[in-house]
Amino acid sequence: MSGKTLILGIESTAHTFGVAIIDENFTVLADERSTLDVPLGSGIHPQKAAEHHAQNACRLITSALKKANISPDKLSGIAYSAGPGLGPALRVGATTARALSLLFKKPIYAIHHAIGHIELAIKLTKSTDPLVVLVSGGHTAITAFSDGKWRIYGETLDITLGNLIDQFARELGLPFPGGPHVESLAKKSQNYIPLPYTVKGNNVMYSGLLTHVISLASKHKLEDLCYSLQETAFSMLVEAVERALVQLDKKEIVLTGGVASNSRLQEMLSQMAEIHGVKVLVSPKKYNPDNGVQIAIVGLYLHKHNLSVPVEKAIVKQRWRLDEVDIPWRM
């Protein structure tokens with residue numbers, strides 16, 4: 001086994017319960033996941049997600065320890081996703097982490113979910129000082145590191161990009177998550193239907209786009225709607241990213257989060273970046289959705305800086321901005 005420091009990370013912000021174990025060399029020793037089965041026409045029900053997580057937590061932790069070939073007493077610390085996210089789902093992860101911390105007398109680390117996405121993507125892409133574009137069901141943010149924190153240089157002013165796509169898919173009878181299905185259908189069309197386009201400075205707004213495209217469902221082919229939705233939503237984001245890129249003069253863009261796996265978004269972002277002589281880096285598809293590794297990696301950074309929290313303060317924060325989090329390991 002490589003390394004002596006071993007961090008177990010627990011992810012439980014939404015529909016995925018993930019457990020991962022990494023060592024001090026950032027080697028992934030275990031990466032276990034279970035995802036809630038969301039019925040057609042439905043979204044993530046917070047209580048159903050919590051029940052799913054509670055039912056699978058013990059099994060996944062046991063499996064992760066077995067795959068890593070270690071006993072719990074060999075762990076150096078427990079990291080958990082403290083927020084933002086669905087309250088009931090978050091509390092299952094936090095409760096599980098507190099129990100492990102108390103039972104095995106290990107330090108506990110409260111992790112911001114979005115910081116996990118960002119730090120894991122940077123580690124996997126070997127980026128140095130990027131502009132990070134985080135796009136998922138819970139986040140749409142353009143961010144870069146400055147003066148001890150990840151600062152927001154652009155974001156959604158209403159719903160996220162992932163939420164836009166999932167709500168559209170749900171309304172039109174596509175399975176959850178909607179992203180892969182919308183992307184697949186979009187590839188079958190090049191018939192663009194004009195849709196609302198709202199960019200305010202470096203920020204985007206998607207709710208008007210969602211309302212309008214749903215209202216056209218009975219008038220156009222599904223493939224055309226999917227294509228037009230992607231082209232419009234992604235163009236809005238790329239415009240905002242380009243503005244932030246020029247303002248900050250970054251030489252790399254890191255794309256991460258569940259929607260980062262969309263090939264059309266990658267293509268549009270790369271076309272813009274090429275004009276400015278900038279590289280677009282995307283972490284491996286496996287690590288774009290929610291996972292325990294993103295929690296464990298930030299836990300490792302916090303462990304190295306002795307920044308655990310008392311067990312009684314290992315709570316959850318449903319609403320927690322990423323630019324509120326101190327990042328001492330990048331100082």
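The model is predicted, so to speak of local features a pLDDT of at least 70 is needed, side-chain atom pairs count only at pLDDT 80 or more, and totals for chains, interfaces and linings use all residues. Residues are numbered from 1 along each chain as its sequence is written, and side-chain values use heavy atoms, with hydrogens and water left out.

**Exercise 1. Aromatic pairs**

Task: Find how many aromatic pairs the whole structure holds, and describe the pair of Phe-145 and Trp-150.

Solution: Start with the rule. Rings of Phe, Tyr and Trp (its six-membered ring) pair if their centres lie within 6.5 Å; planes under 30 degrees apart count as stacked, over 60 as edge-to-face and the rest as tilted. A search of the whole structure with this rule gives three aromatic pairs. Next, check the surroundings, where buried means under 20% relative accessible area, exposed over 50%, and partly exposed in between (1.4 Å probe, protein chains only). Both Phe-145 and Trp-150 are buried.

**Exercise 2. A stacked pair**

Task: Work out why the pair of Tyr-301 and Trp-329 is stacked, and which parts of the chain the pair ties together.

Solution: The ring centres of Tyr-301 and Trp-329 are 5.1 Å apart and their planes lie at 20 degrees, so this pair is stacked. Now place the two residues, using helices (H or I, at least four residues) and strands (E, at least two) as DSSP runs, numbered from the N terminus. Tyr-301 belongs to helix α9 (residues 292-304) and Trp-329 to the segment after α9, so the pair ties together parts that are 28 residues apart in sequence. Tyr-301 is buried, its relative accessible area being 12%, and Trp-329 is buried at 17%.

**Exercise 3. The surroundings of Phe-26**

Solution: First locate Phe-26, which is in the loop between β2 (16-23) and β3. Its relative accessible area is 23%, so Phe-26 is partly exposed. Ring pairs join Phe-26 with Tyr-301 and Trp-329 in a cluster. Lys-317 is placed over the face of Trp-320, at 4.4 Å from the ring centre.

**Exercise 4. Salt bridges**

Task: Find how many salt bridges there are, and look at the one between Asp-326 and Lys-149.

Solution: A salt bridge is a side-chain nitrogen of Lys or Arg within 4 Å of a carboxyl oxygen of Asp or Glu. By this rule the structure has 14 salt bridges. Asp-326 and Lys-149 form one of them, at 3.8 Å from N to O. Asp-326 lies in the segment after α9 and Lys-149 in strand β8 (residues 149-155), so this pair ties together parts that are 177 residues apart in sequence. Asp-326 is exposed at 53% relative accessible area. Another salt bridge joins Arg-321 to Asp-323 at 3.1 Å, N to O. Through shared partners, salt bridges link Glu-155, Arg-321 and Asp-323 into one network.

**Exercise 5. A buried charge**

Task: Find which side chain of opposite charge is nearest to Glu-11, and what its own side chain makes a polar contact with.

Solution: Glu-11 is in strand β1 (residues 6-11). For charge, Lys and Arg count as positive and Asp and Glu as negative, while His and the chain ends are not counted. Glu-11 is buried yet has no salt bridge, and the nearest side chain of opposite charge is Arg-33, 9.8 Å away. A polar contact is a pair of N or O atoms within 3.5 Å; within protein, one must be able to donate a hydrogen and the other to accept it, and residues adjacent in sequence count only if both atoms are side-chain atoms. The side chain of Glu-11 has such a contact with the side chain of Thr-13, at 2.5 Å.

How values were computed
Lys NZ or Arg CZ within 6 Å of the ring centre and 35° of its normal.
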